[in-house]
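Please find below a colleague's note on the structure under review. It is arranged as numbered points.

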Amino acid sequence: MNNKEWWRGAAIYQIYPRSFSDSNHDGVGDLPGIIEKLDYVAELGVDGIWISPFFKSPMADFGYDISDYRDVDPLFGTLKDFDTLLDKAHGLDLKVMIDQVLSHTSDQHAWFLESRQDRNNAKADWYVWADANPDGTPPNNWLSIFGGGAWQWEPRRGQYYLHNFLSSQPDLNFHHPDVRKAVLDNVEFWLKRGVDGLRLDAINFCFHDKALRDNPAKPPLERQGRGFSTDNPYAFQYHCYNNTQPENLEFIEKLRQLMDRYPGTCSLGEISSEDSLATMAEYTQTGRLHMGYSFELLTPDYSAAYIRETVENLEQKISGGWPCWAFSNHDVTRVASRWSMGEATPAQAKMLNTLLGCIRGSLCLYQGEELGLTEAEIPFDKLQDPYGISFWPNFKGRDGCRTPMPWLHAENQAAFTSVEPWLPIAKSHLARAVDLQREDPQSVLRHSQAFLHWRKLQQALIEGEIEFINLPEPLLGFWRRSEQQNVLCIFNLGDSEISDSYVDSLVNRLDSIGPQRASIQTNNLTLPSYGFALFKA
């Protein structure tokens with residue numbers, strides 16, 4: 001790969017630090033724990049890691065509510081630990097991306113503590129404040145993703161403040177130039193420290209409509225959530241005014257100009273808007289974000305037609321931009337459960353990890369996906385996620401995908417920690433523990449390692465164009481084409497064996513390459529349930 005654009009086509013491994021490895025045995029994962037496991041990550045064949053927030057925080061939203069952008073929370077370690085992590089990762093030829101949560105802070109951040117005191121202090125306008133309506137109600141109808149209204153009354157100022165997420169996550173006022181400068185200064189702190197990239201949380205939420213116009217109502221048939229529960233009233237509105245404002249583009253361009261001063265760094269924006277694919281395309285044009293990803297493939301929708309439609313829709317819009325795809329992350333039900341057609345199987349996990357690495361773009365592989373981990377069942381009394389607690393039992397929140405990694409199947413707490421962990425270890429995960437899968441040549445882990453190492457050498461899969469072919473459901477097929485290589489990718493997304501005469505004619509006289517799950521004979525290709533085959537032309 002081109003060293004100047006390491007991120008293009010890269011495989012990025014997402015680490016949720018609370019649940020990766022606990023070095024000091026307090027029940028919560030930490031930076032030294034990540035350091036201890038970096039050799040394992042390097043063995044996977046990924047190009048880099050993305051570490052979810054480890055900054056100083058009261059942890060109301062588990063680190064996505066930051067009280068100090070330039071320090072490590074003691075729960076996770078120290079700045080020295082981070083520097084050690086960075087050095088070891090780079091020694092293993094792993095790039096390091098970190099989360100940056102720019103649109104909002106914790107209500108314990110020094111900026112907000114000053115801003116809330118009165119209307120005349122130096123940071124009085126650093127957050128989104130608004131007067132009440134004459135009857136005392138909030139200034140408009142905007143809603144919080146986590147349920148209820150997006151406005152919280154502050155008696156010190158006699159005003160409401162905006163929070164698109166928890167009430168303890170007040171939104172910054174990006175219309176204020178000093179806010180934009182301070183935010184970029186915080187970003188540069190980490191660029192100077194040597195990070196290779198930034199994953200930008202909720203990046204389209206930075207600006208709000210200055211006129212505070214009401215969001216229009218959404219008809220019931222259109223209330224389909226992207227990353228949030230569909231019975232959440234948040235889905236009842238078109239979110240035209242509380243995010244994805246035109247002013248955000250200029251800020252993103254300023255952010256890109258900053259990053260261009262640090263060659264080799266990249267930005268990955270998380271985008272959730274009324275038309276996330278269109279926003280991804282807009283936000284990744286020349287001079288803006290390097291990459292974008294959305295929730296379109298993080299939903300329950302599972303079919304060859306849906307995946308093709310999603311990717312083709314983006315391809316038609318994105319022009320010179322670059323996508324990054326994920327099937328799981330720390331906010332959604334694990335794909336092994338979400339897309340299972342009954343019982344989750346290792347065969348489907350292998351197929352999905354392979355498919356993720358064959359779609360045009362970069363990929364984010366969430367910790368545990370290389371093991372085929374399923375969604376954990378967490379009893380209500382063990383829930384930690386305020387989102388799940390609020391919407392129980394219809395929506396159980398995000399804890400089920402955040403449980404600790406199972407390292408050793410027979411050890412206390414699966415060797416994640418020696419004490420009770422912050423979330424319980426799923427008993428169903430013990431049979432999928434790392435030590436067992438390392439010893440099994442047919443395991444999801446061993447397949448994922450083999451595929452990711454092989455993929456690094458395939459120019460067509462790293463940077464080639466994509467062209468889908470017409471196949472009957474549940475078959476998904478496409479070409480990846482580059483100047484030096486053409487690869488045909490065929491996947492059976494279903495749970496039954498398939499042999500198709502049109503596919504046979506396509507692959508006739510083609511040589512199979514890479515990891516396979518198929519029976520390939522003269523003029524005949526048989527795909528078992530969740531089978532796949534790759535060919536070179």
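1. The model is predicted: local features need pLDDT of at least 70, side-chain atom pairs count only at pLDDT 80 or more, and totals for chains, interfaces and linings use all residues. Residues are numbered from 1 along each chain as its sequence is written, and side-chain values use heavy atoms, with hydrogens and water left out.

2. The protein contains 15 helices and 21 strands, defined as DSSP runs (H or I, at least four residues, for helices; E, at least two, for strands) and numbered from the N terminus.

3. Along the principal axes, the C-alpha atoms fill a box of roughly 80 × 50 × 50 Å.

4. Of the 537 residues, 61% are buried, meaning under 20% relative accessible area with a 1.4 Å probe, protein chains only. Among contacts (heavy atoms within 4.5 Å) with a separation of 6 or more, 68% join residues 24 or more positions apart.

5. Helix H5 (residues 247–260) has 14 residues and reaches 21 Å from its first C-alpha to its last, close to the expected 20 Å, a span given by 1.5 Å times one less than its number of residues. Buried residues of H5 include Phe251, Leu255 and Leu258. Their cover includes helix H4 (177–193), strand S9 (197–201), strand S10 (266–270) and helix H6 (276–283).

Note on methods: Buried means under 20% relative accessible area, exposed over 50%, partly exposed in between (1.4 Å probe, protein chains only).
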